[in-house]
Amino acid sequence: MTLRIIIRENNYHDSMVLMQISSKILEMEGVKRVAIMMATENNKQFIVLAGFNDQMIDSASVSDLVIALETVDDKSMSDALANIDRLLKERGQRKKRGTRFVSLEGALERFEEASLAVISIPGQFAGREARKALQKGLHVFLFSDNVPIEEEVELKHLAMEKGLLLMGPDCGTAVINGVGIGFANAVKKGPIGVIGASGTGIQELCSILHQAGGLGISHAIGTGGRDLSDRVGGITTLSAIDFLVQDTATELILLVSKPPSPKVSLSVAQKIASTGKPAVLCFLGLETELLSGMKMDGIIFTENLEEAALTAIQSHAIKPGLKYGFSDEEINMIANKEKNSLLSKQQYIRGVFSGGSFCYESMLYLRKHLKGLHANSPITGIERLKDSFSSVEHTFIDLGEDEFTQGKVHPMIDPKSVAERILKEAKDDSVAVILFDVILGYGAHPDPVSVFLPILRQIRGEYSTDKRNIILVTHLCGTDLDLQNKKEQEEKLKSVGVHVMATNLQATKLASEIVRR
Amino acid sequence: MESRFLLLSDRPLKVINIGLELFLESLEVQGIEVVHVDWRPPAGGDKHLAGLLEKLL
C-alpha cells in the first residue's frame with residue numbers, strides 16, 4: 001500500500017469539478033481510496049472519516065487543495081497523480097465562455113441591471129456574498145448549505161426590509177418566469193404559483209401540474225430547507241406569498257414543505273387565507289390533529305405531492321374525472337400479478353432515492369401499511385439504520401444525505417451510486433421490490449437511464465435465471481420539455497421490465513401492494 | 001417605490017452566477033443573460049482575517 005497526502009496552497013477549484021475528478025481517479029486500477037477537495041472545515045472532517053489523517057490536513061486552509069490517495073503500489077500512485085494533474089490542467093484550460101469577474105463586487109458594479117444572484121460557494125463564505133448582493137438590491141438564490149442559522153435569520157431580515165427574496169440557504173430549485181434555476185424542470189408558463197422548502201418536492205409538483213393538467217406555473221420559489229423552522233419563522237415563505245399575491249400571472253398558490261413548526265405552519269396558513277387567493281397546502285407529515293385547527297376558507301390541505309398537484313389542477317381548471325397515471329385498481333392488478341412470481345423468502349422493499357422528498361413521502365405512506373421499516377434518514381415510527389450501507393428488512397435510503405455525498409457528486413447529477421446500491425439490494429435474496437426515482441431537468445444527468453440500464457438488465461437477466469424475480473418500480477420526475485427526453489427514458493426502462501409509474505406516490509403504492517400478502 | 005418583485009416577474013432575468021459552473025451552463029442553455037464570478041476564498045482562506053479586511057476597505 002502506498003499513501004500520499006499533498007496540500008497545494010491557494011489552489012481553489014469548484015467542488016463539482018473536484019468530485020468529478022475524484023470519481024475518475026477512483027475508477028483507476030490500483031487506486032483504493034481517494035479524497036480530492038478544498039480544505040473547508042466540513043471537507044476536512046470527511047477526509048478524516050475517509051481514513052486520511054495528517055497534521056498537514058488540519059493546518060490546511062479553505063483555499064488549499066487536499067489530494068489524499070491510497071494505492072496498491074508506487075506505480076499506481078504515480079499514475080494516479082499524473083492523471084489528477086492532467087485533469088486539473090485540462091479543466092483550467094477549458095475555454096472560459098462569457099463575461100467573467102473575479103469578485104462579486106466587480107460583477108455588481110459592472111452589471112448594474114442584474115436582478116438575481118445565484119450563489120453556490122462553500123457555506124462559511126456564502127452568507128457574506130449573499131449580503132453583498134442583497135445590499136445592492138438583487139434577489140438571491142442561495143444553493144449553499146452549512147450557512148449558520150443565525151446568519152440565515154439575519155440575511156432573511158435584511159431581504160425582508162429591502163423587499164427582496166432570499167431563496168435558501170440550502171435551496172436547490174426555483175423557477176422564475178419560466179426560467180429554471182438550480183435543479184429544475186422545464187415547465188410551461190401558467191397560473192399556478194409554487195412555494196417549496198424542498199427542491200424535489202417543487203420538481204414533483206411542477207412536473208405533475210405540467211404533465212397531468214397541461215397547467216403551467218408562474219413561478220416556483222424555493223425557500224431553503226430551514227425556512228419554516230421556529231428559528232427562521234418562515235420569512236422567505238411569507239415574502240414569497242406576498243410576491244405571488246402581487247403577481248398578476250398567479251391565480252392559485254401551491255405550497256409544499258416537510259413538517260414545519262406548528263406555530264409557523266399556522267401563521268403561513270393564516271397569511272395565505274388573508275390574501276384571498278385560493279391555495280393548496282401540503283405540509284408533508286403534519287399531524288392531522290394540528291390540521292383540523294387550521295381549516296380556513298379558500299385553503300385546501302393535502303397529504304402528499306400527487307394529491308396537492310391534482311387538487312390544484314381540479315381547483316383551478318375543473319377537470320371532471322381527472323386521472324393521472326394508474327388508479328388504485330390498476331395498481332392492485334399489477335401487484336397481484338407480480339406477487340405470484342415471488343419466492344416465499346422475498347418479503348422486503350428496498351427504497352433507493354436521490355430525491356430526499358421522495359424518500360420522505362414514501363416512508364410516510366408505508367409506515368401506515370407495513371412493519372419493520374428502517375431508514376438512514378428516518379421519520380417517527382421508522383428505525384434508524386445502524387449502518388447506512390447495510391439494509392435490513394424494509395429499508396429506505398436517501399442517497400442525497402451527507403454520508404453518501406461527501407466527496408462525491410450528488411446522485412441527481414450522477415446516478416451511479418443509485419445504480420450501485422440497487423445492484424447491492426438485488427443480491428439480497430429476501431428482497432422482493434426495489435423502489436427508486438429518476439430525476440430529469442436542468443442540472444441533472446443528461447441521460448440518467450443509461451447509467452441504470454446495464455445494472456437493471458443484469459438484475460432482470462441474471463437473477464431471473466435463479467428463478468428469483470426481483471421487481472423494479474420507479475417514477476420519472478420530469479416533463480416532456482426536459483432535455484433528457486422523458487418518453488425515451490421511459491421506454492428504455494420499460495424495455496428491461498421496470499414498472500414506470502406516473503408519480504412517487506403511485507410507485508410507492510405499487511411496492512406496498514406487492515409485498516403485502 | 002416600485003416593488004422589487006417586479007424585477008422578477010415583469011422583465012427578463014439578469015443573473016450573476018457565483019460558484020458552480022453547472023448553474024451557469026443551465027442558465028446559458030435557457031438563453032438567460034448571465035455573468036460568472038470565478039470565486040476564490042479571500043485572504044488565504046482565513047475567514048476571520050477576511051472579515052477584518054472587509055471592515056477596513
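Strands here are DSSP runs of E, at least two residues, and helices are runs of H or I, at least four residues, both numbered from the N terminus. I count two strands as paired if DSSP finds at least two bridges between them. I looked up the partner of A:Arg100 in strand 2 of chain B and found B:His36.

The model is predicted, so I note the limits: local features need pLDDT of at least 70, side-chain atom pairs count only at pLDDT 80 or more, and totals for chains, interfaces and linings use all residues. Residues are numbered from 1 along each chain as its sequence is written, chains are lettered from A in the order in which they are written, and side-chain values use heavy atoms, with hydrogens and water left out.

**Interface of chains A and B**

I next looked at the contact (heavy atoms within 4.5 Å). Chain A puts in 63 residues and chain B 43 residues. The size of an interface is often given as the accessible area lost when the parts come together. I took buried area that way, with a 1.4 Å probe and summed over both parts. The two chains bury about 4,700 Å², and 62% of it lies on carbon and sulfur atoms.

How many salt bridges link chain B and chain A? I found two, taking a side-chain nitrogen of Lys or Arg within 4 Å of a carboxyl oxygen of Asp or Glu. One joins B:Asp38 to A:Arg100, with the closest N and O atoms 3.1 Å apart. A:Arg100 is also the bridge partner of B:His36.

Which elements of chain B supply at least two residues each to the side that touches chain A? I list helix 1 (6-9), strand 1 (14-18), helix 2 (21-29), strand 2 (33-37) and helix 3 (47-56). Helix 2 of chain B gives the most, with nine residues.

**Parallel sheet in chain A**

I traced seven strands in an open sheet, ordered 17-16-18-15-19-20-21, with parallel pairing. Strand 17 (383-384) and strand 21 (499-501) each have a single partner strand, so one side of each is left without a neighbour in the sheet. Strand 15 (residues 348-353) runs parallel to strand 19 (residues 431-439) over five bridges. A:Tyr348 stands opposite A:Val431 in strand 19.

**Mixed sheet in chain A**

I found another open sheet of seven strands, 9-8-11-10-12-13-14, with mixed pairing. Strand 9 (179-182) and strand 14 (299-301) are its edges, each pairing on one side only. Strand 8 (residues 173-176) and strand 9 run antiparallel, joined by four bridges. A:Thr173 has A:Gly182 as its bridge partner in strand 9.

Most residues other than glycine have a negative phi, and most peptide bonds are trans. I noted a cis bond between A:Gly168 and A:Pro169, with omega about 0°. A:Pro169 sits in the loop between strand 7 (166-167) and strand 8 of chain A. A:Asn177, not a glycine, has a positive phi of about 55°. I placed A:Asn177 in the loop between strand 8 and strand 9 of chain A.
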